[in-house]
Structure formats: structure tokens, C-alpha cells
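Student: I have a structure open and would like to learn how to read it. Could we go through it feature by feature?

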Amino acid sequence: MKDRMYVEIDSNSSNESLARIIVAAFLTKLNPTASEIEEVKMAVSEAVTNAVIHGYGEGEGIIYIECFAENDEFKVSIKDFGIGIVNIAQARKPLFTTKEDEERSGMGFSFMEIFMDNVDVISEPGKGTTVIMKKIIGRDGGD
């Protein structure tokens, strides 16, 4: 089975839960466990929050979400056309944040990496960021 879903949402923090629900609904076609659904939702939440807070600085913009499902592989892409990331390696380090004054933990990418099998980050300063996450569904042996 091969399937794709694409959606655009406004870059405001209230849409983070909408993104989680949309992606989880699409994921159900692969018959995931409850744990797998929660893991994907957490990773999506972190990626969307990064786009809202860091990509657009809580300003106006669009977040593009694209999901793919084929056999047991799930892939989700979260894209923004915000400020981009100057140093991706540094941004991926645990506890690194550009918003220290806003009580940000700097664990967004770390959480994505914990919950997903693979996380790729493509970014260019001034042009935006794309986070592509993959997860193989059905490996955790059930709930």
C-alpha cells in the first residue's frame, strides 16, 4: 500500500494540536499501536512547535505537512519558509535553544530523534527548514 497526504496550516501555536490529530489520523491506515501513534504525535508536535517558535518567530506563515505511508514505513515532512537554521548540528544538540529568555528546553530535535527511527533536517538561513521523519510501524510488538 502506498498513500500520501498533504496539508497546510497557519503558523500559530493553537494549530499544533491540529497537526498532531491530522497526522495521527493518516497514520492509522498502517495499523499502529497506541504507543506508535503517541510517539509520532510527540515528534510532530516538536517539529510544528519549532516551525512556529523558531521558524516564524510566532509571526505569520504557513507550515506544510506531508505524510507518506508505504507498507510498514511512515514518513512525515514538516516544512516552513521562516528564518532557517544557521548551524543545524548545533541546533540538534540537546539543551540548545535560541529562545533562552522564553523558558525553551532545547530538546525539540532530541525528542524527535527519540520517538522516530530517522530524522533529517534541511535548512537554509532566510529560506526555511524542512524536517523529515521516518518510522517503521509494527516493530514494537504491540501494547
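Tutor: We start with a cut-off: a residue is called exposed when its relative accessible area is over 50%, and buried when it is under 20%. Keep in mind that this is a predicted model.

Student: Is N31 buried or exposed?

Tutor: N31 has a relative accessibility of 66%, so it counts as exposed. This residue sits in the loop between α1 (16-27) and α2 (34-55).

Student: What should I look for in the backbone angles?

Tutor: Most residues other than glycine have a negative phi. In this model, N31 has a positive phi, near 55 degrees, and is not a glycine. N71 likewise is a residue other than glycine with a positive phi, near 55 degrees.

Student: Where is N71?

Tutor: N71 is in the loop between β2 (62-70) and β3 (73-80). With a relative accessible area of 53%, N71 is exposed.

Student: How do β2 and β3 pair?

Tutor: Their pairing is antiparallel and runs over eight bridges. As one example of residues facing each other, E70 is opposite E73 in β3.

Student: What is the order of the strands in the sheet?

Tutor: The order is β1-β2-β3-β5-β4, an open sheet of five strands with antiparallel pairing. β1 (2-10) and β4 (118-124) are the edge strands; each has a single partner, so one side of each has no neighbour in the sheet. From one strand to the next, the twist averages 10 degrees.

Student: Which strands does α1 lie across?

Tutor: Helix α1 lies across β1, β2 and β3, and runs at about 170 degrees to β1. Helix α4 (residues 108-115) lies across β4 and β5 (128-136), at about 25 degrees to β5.

Student: How do I read the interior?

Tutor: In soluble globular proteins, nonpolar side chains tend to be buried together. Here the largest nonpolar core has 36 residues, and I65, F74, V76 and M133 touch the most other members. At least two residues of this core come from each of β1, α1, α2, β2, β3, α4, β4 and β5. The largest share, nine residues, is supplied by α2.

Student: What does M133 touch?

Tutor: Leaving out residues up to four places away in sequence, M133 touches a list of residues that includes A43, V44, A47, F74, V76, I78 and M112.

Student: How far apart are V23 and C67 in sequence and in space?

Tutor: They are 44 residues apart in sequence, and their C-alpha atoms are 7.3 Å apart in space.

Student: And a lysine? Is K135 buried or exposed?

Tutor: K135 has 7% relative accessibility, so it counts as buried. This lysine belongs to strand β5.

Student: Which side chain makes a polar contact with that of K135?

Tutor: The side chain of E39 does, at 2.8 Å. Apart from neighbours within four places in sequence, the residues in contact with K135 include E36, E39, V40, D72, E73 and F74. F115, M116 and D117 also contact K135.

How values were computed: Residues are numbered from 1 along each chain as its sequence is written. This is a predicted model: local features need pLDDT of at least 70, side-chain atom pairs count only at pLDDT 80 or more; totals for chains, interfaces and linings use all residues. Side-chain values use heavy atoms; hydrogens and water are left out. Helices (H or I, at least four residues) and strands (E, at least two) are DSSP runs, numbered from the N terminus. Buried means under 20% relative accessible area, exposed over 50%, partly exposed in between (1.4 Å probe, protein chains only). Two strands pair if DSSP finds at least two bridges between them. Axes are lines fitted to C-alpha atoms, for helices over the stretch in contact, and angles run from 0 to 180 degrees between N-to-C directions. Contact means heavy atoms within 4.5 Å. A polar contact is a pair of N or O atoms within 3.5 Å; within protein, one must be able to donate a hydrogen and the other to accept it, and residues adjacent in sequence count only if both atoms are side-chain atoms. A nonpolar core is a set of buried Ala, Val, Leu, Ile, Met, Phe, Trp, Tyr and Cys residues joined through side-chain atoms within 4.5 Å.
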